[in-house]
Amino acid sequence: TYSFSWRFANGSSSNRSARLLIESSEEASGISFPGTGGWASWSTTGTVDVNLGTGAKEIRLEAEMSEGLANIDYIYISGPSLLAGYCI
């Protein structure tokens, strides 16, 4: 099991939700990014737990709303035998 969370800012007053896709498969939806009071006021999401097999994985966070995502500062992943990959 691997745990995912994000540091984000959301200057709007409405929640911006997202879904987590791994290898193009939806692993979680309704990930909440509530308003933080400003686009440079940072907060951290709750944890999303996902069971993954071995090997490199493509990870994607997609907005579920037409307004888009919050500002994402970083993703935090914890779990066994993690190795850094690259971002595109």
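Predicted model: local features only at pLDDT ≥ 70, side-chain atom pairs only at ≥ 80, totals over all residues.
The secondary structure comes to 7 strands and 0 helices, so that the pattern read along the sequence is β-β-β-β-β-β-β.

## Dimensions and surface

The C-alpha trace spans about 40 × 25 × 20 Å along its principal axes. The radius of gyration of the protein is 13 Å, which agrees with the value near 12 Å that a compact globule with 88 residues would have.

Of the 88 residues, 28% count as buried, and the accessible surface of the protein comes to about 5,500 Å², with 47% of that area belonging to carbon and sulfur atoms.

## The setting of Thr 44

Thr 44 is placed in strand β4, which covers residues 42-44. Because its relative accessibility is 47%, Thr 44 counts as partly exposed, a class that lies between the limits of under 20% for buried and over 50% for exposed.

When residues up to four places away in sequence are not counted, Thr 44 touches Ser 5, Trp 6, Arg 7 and Phe 8. A separation in space can also be given for Thr 44 and Gly 11, which are 33 residues apart in sequence and 14 Å apart from C-alpha to C-alpha.

Conventions:
Residues numbered from 1 in each chain as written. Heavy atoms only, no water. Helix = DSSP H or I, 4+ residues; strand = E, 2+ residues; numbered from the N terminus. Buried < 20%, exposed > 50% of the residue type's maximum accessible area, 1.4 Å probe, protein only. Contact = heavy atoms within 4.5 Å. Rg over C-alpha atoms; globule rule 2.2 N^0.38 Å. Areas by Shrake-Rupley, 256 points an atom, 1.4 Å probe, with all protein chains shown as cover.
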